[in-house]
Amino acid sequence: MQRAELAEVVRERVAGVLGVPVEEIDETTDLRQTYDVDSLELMEIGARLENSLDTRLAAEDLLGMENVGNAIDLLHERLRERP
């Protein structure tokens, strides 16, 4: 999957959990600062991404992300490493 395609999937899943238009979410969006996202919401985002992309995300990975771009980068790297 190309990074641009992945970015769209991530933005859509994040927007779905937050109940906001996908256009409001970009790579610089800090979910905690902008939307006051808590750990449960992060876990819901993670679960949706795992299901959509057939990959696993550790809770530490989710909690350590500063913005949406970090999530895209992490997922892009994971998906490239798959056989």
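Biologist: What should I know about the model before we start?
Modeller: The model is predicted, so local features need pLDDT of at least 70 and side-chain atom pairs count only at pLDDT 80 or more, while totals for chains, interfaces and linings use all residues. Residues are numbered from 1 along each chain as its sequence is written, and side-chain values use heavy atoms, with hydrogens and water left out.

Biologist: How many salt bridges are there?
Modeller: The count is eight, where a salt bridge is a side-chain nitrogen of Lys or Arg within 4 Å of a carboxyl oxygen of Asp or Glu.

Biologist: Which residue does R11 pair with?
Modeller: R11 forms a salt bridge with E8, with the closest N and O atoms 2.8 Å apart. The two are three residues apart in helix α1 (residues 3-18), about one helical turn; helices are DSSP runs of H or I, at least four residues, numbered from the N terminus.

Biologist: And is R11 buried or exposed?
Modeller: R11 counts as buried at 19% relative accessibility, whereas E8 is partly exposed at 31%; buried means under 20% relative accessible area, exposed over 50%, and partly exposed in between, using a 1.4 Å probe and protein chains only.

Biologist: Switching topic, what does R78 pair with?
Modeller: R78 forms a salt bridge with D61, their closest N and O atoms being 2.5 Å apart. This pair links distant parts of the chain, 17 residues apart, with R78 in helix α5 (residues 68-81) and D61 in helix α4 (residues 59-64).

Biologist: Which residues form a network?
Modeller: Salt bridges link R3, E27 and D73 in a network.
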